[in-house]
Amino acid sequence: MYEGGRANRTAQRFARVWGLVFASGFGPRRWVRLEVPGRRTGRLMRIPIGLADLGGRWYAVSMLGECNWTRNVRSNGGHAVLRHLTATPVELVEVPAGERPPILRRYLRIAPGGRPHIPATVTSPDDQIAAVADRFPVYEVRRADGSLFRPRHSWLPAAAVGAVLLWMRGAR
């Protein structure tokens with residue numbers, strides 16, 4: 001679905017659906033929708049992404065390497081919005097390639113959708129991950145005011161499960 005690092009029509013449709021799901025707060029708090037103005041059109045681009053946590057910090061990893069959203073983030077000075085139930089203005093600060101390997105390893109562990117795109121595995125030796133780290137941009141996520149970013153837990157999944165369980169109990 002990502003031939004040449006670009007999403008085909010099917011991938012674009014899935015991205016639209018997952019973006020809505022992530023933004024609404026369903027799913028783990030690491031699933032968010034990134035919103036950033038396009039560098040050419042200025043039109044708001046909405047991209048579903050998975051965040052990796054490591055050492056109390058959160059990181060956005062581009063599973064496709066250098067792509068549209070990474071270029072848009074750079075052209076917008078790192079400013080963007082992450083949406084998971086609520087909108088949080090953030091600053092994405094690019095991590096130097098030499099510091100990316102442990103973050104990439106964590107991302108590979110928790111983001112199964114990214115695994116086919118990164119030529120390494122969770123069990124790959126450090127030097128193999130370091131060899132590809134410069135090809136996959138990683139951004140530390142900070143709140144717009146510079147403080148640490150911590151995604152909020154959503155009550156929606158628990159509420160949905162509770163509603164289904166109550167409905168099932170009443171249907172007996």
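In what sense do strand 5 and strand 6 pair, and over how many bridges? The two strands, of which strand 6 covers residues 138-143, run antiparallel to one another and are joined over 5 bridges, where strands count as paired if DSSP finds at least two bridges between them. Within this pairing, V93 stands opposite E140 of strand 6. The model is a predicted one, in which local features need pLDDT of at least 70 and side-chain atom pairs count only at pLDDT 80 or more, whereas totals for chains, interfaces and linings use all residues. Residues are numbered from 1 along each chain as its sequence is written, and side-chain values use heavy atoms, with hydrogens and water left out. Helices (H or I, at least four residues) and strands (E, at least two) are DSSP runs, numbered from the N terminus.

Strand 4 (residues 79-84) pairs with strand 5 (residues 86-94) in the antiparallel sense over 6 bridges, and A80 is placed opposite V90 of strand 5. The hairpin formed by strand 4 and strand 5 has 1 residue between the strands, and L85 takes a positive phi near 75° there. Strand 3 (residues 57-61) is likewise antiparallel to strand 6, with 4 bridges between them, and the bridge partner of Y59 in strand 6 is E140.

Just after helix 2, G77 takes a positive phi of about 65°.

A search of the whole structure finds 1 aromatic pair. The ring centres of W69 and Y139 are 5.8 Å apart and the ring planes stand at 50°, so the pair is tilted; rings of Phe, Tyr and Trp (its six-membered ring) pair if their centres lie within 6.5 Å, and planes under 30 degrees apart count as stacked, over 60 as edge-to-face and the rest as tilted. Because W69 lies in helix 2 and Y139 in strand 6, the pair ties together parts that are 70 residues apart in sequence. Both W69 and Y139 are buried.

The structure holds 10 salt bridges, each defined as a side-chain nitrogen of Lys or Arg within 4 Å of a carboxyl oxygen of Asp or Glu. One of them joins the side chains of E35 and R33 at 2.6 Å, N to O; E35 is buried at a relative accessible area of 5%, and R33 also counts as buried, at 11%. Another joins E66 and R74 at 2.4 Å, N to O, and here E66 is partly exposed at 36%, as is R74 at 35%. R74 also forms a salt bridge with E94, the closest N and O atoms being 3.0 Å apart, and this pair links distant parts of the chain, with R74 in helix 2 and E94 in strand 5, 20 residues apart. E94 counts as partly exposed at 33% relative accessibility. Through shared partners, salt bridges join E66, R74, E94 and R100 into one network.

The loop between strand 1 and strand 2 contains G38, a buried residue with a relative accessible area of 11%. Residues up to four places away in sequence not being counted, G38 touches R43, M45 and N72. G38 and V73 are 35 residues apart in sequence, and their C-alpha atoms are 8.5 Å apart in space.

Conventions:
Buried means under 20% relative accessible area, exposed over 50%, partly exposed in between (1.4 Å probe, protein chains only). Contact means heavy atoms within 4.5 Å.
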